[in-house]
Amino acid sequence: MASKDDSAAGVNLSRRNFLKSTGVVSLAATVVAPGAAAAQTGAPVVGPGEVPVRLTVNGRQLNLTIEPRVTLLDALRMRADLTGNKRGCDRGACGACTMLVDGRPVYSCSTLAIEVQGKQIRNVEGLANGNTLHPVQQAFCDKDALMCGFCTPGFIMASVGLLEKTPNPTPEQIRKGLDGNICRCGTFNRIFEAVSSVKGVQRG
Ligand code: FES
Ligand code: FES
């Protein structure tokens, strides 16, 4: 398990901690109990009906009208046709839905869209520049680091988050940085090889 003072591990631990914290914030933001909970937390009461939610996704404004309970994954996949990141477990266990929020990998299936307003959200569809793949995407192709490809967008986003923070990770840092993601086809060695081969990733 990752140590807390390891930079690559920090990415992963942050993701798990983020999941825990979002559970608390989600509850505060969505419970509709006039007075009680909201008065205690000071959080605004919203919902359960649809409310305006403004997201910044891949550098673009996205104005949605959704219920506060809608996850970031569903908001992008179901309301914005951004289907690059996949739904695997839908419970914060597989990493297929991994996106970057202010540069940090998060499980978008376990993050409410309403919580990440005002933050920079990136999914796999924001990586390529026209027909030019992001270096991490290119490395996955060059190293044949996928079989069915279902886990690949999540692995790529987690890898981008890792490399932006730790440009030259050690093998151990790569393993720790990606240990929130699962590949059921078992392409781990090639994924690690691909991430190791990437040089010069800039902060997004
Ligand atoms: S679909 Fe989100 S972690 Fe599995
Ligand atoms: S390539 Fe199939 S799950 Fe990873």
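Asp102 sits in the loop between strand 3 and strand 4 (104-107). This is a predicted model. Its chain holds seven helices and five strands. Of its 204 residues, 48% are buried.

**Backbone features in loops**

- Asp102 is not a glycine, yet its phi is positive, about 50°.
- With a relative accessibility of 42%, Asp102 counts as partly exposed, because that class runs between 20% and 50%.
- Asp90 also is not a glycine and has a positive phi, about 60°.
- Asp90 belongs to the loop between helix 3 (72-79) and strand 3 (98-101).
- Asp90 counts as partly exposed, at 38% relative accessibility.
- The peptide bond from Gly47 to Pro48 is cis, and its omega is near 10°.
- Pro48 lies in the loop between helix 2 (36-41) and strand 1 (51-57).
- These features stand out because most residues other than glycine have a negative phi, and most peptide bonds are trans.

**Overall layout**

- Take the contacts in the chain with a separation of 6 or more: 59% of them join residues 24 or more positions apart.
- The chain exposes about 10100 Å². Carbon and sulfur atoms supply 51% of that area.

**Helix 7 and its cover**

- Helix 7 spans residues 188-197, and its buried residues are Ile191, Phe192, Ala194 and Val195.
- These four cover an arc of only 160° around the axis, so they fall on the same side of helix 7.
- The cover over the buried residues of helix 7 includes helix 4 (135-142), helix 5 (152-165) and helix 6 (171-177).

**Helix 5 against helix 7**

- The two helices pack at an angle of about 35°, and their axes are 11 Å apart.
- Helix 5 and helix 7 cross in a right-handed sense.
- Helix 5 contributes Phe155, Ser159, Leu162 and Leu163 to the contact. Helix 7 contributes Phe188, Ile191 and Val195.

**A buried arginine**

- Arg122 is part of strand 5 (residues 120-122).
- Its relative accessibility is 17%, so Arg122 counts as buried; the cut-off is under 20%.
- The Arg122 side chain makes a polar contact with the side chain of Glu164, at 2.8 Å.

Technical notes: Residues are numbered from 1 along each chain as its sequence is written. Chains are lettered from A and ligands numbered from 1 in the order in which they are written. This is a predicted model: local features need pLDDT of at least 70, side-chain atom pairs count only at pLDDT 80 or more; totals for chains, interfaces and linings use all residues. Side-chain values use heavy atoms; hydrogens and water are left out. Buried means under 20% relative accessible area, exposed over 50%, partly exposed in between (1.4 Å probe, protein chains only). A polar contact is a pair of N or O atoms within 3.5 Å; within protein, one must be able to donate a hydrogen and the other to accept it, and residues adjacent in sequence count only if both atoms are side-chain atoms. The arc is that of the directions from the helix axis to the C-beta atoms. Contact means heavy atoms within 4.5 Å. Accessible areas come from the Shrake-Rupley method with a 1.4 Å probe; for residues, only the protein chains shown count as cover. Axes are lines fitted to C-alpha atoms, for helices over the stretch in contact, and angles run from 0 to 180 degrees between N-to-C directions. A crossing is left-handed if the near helix is turned anticlockwise from the far one by less than a right angle, and right-handed if clockwise.
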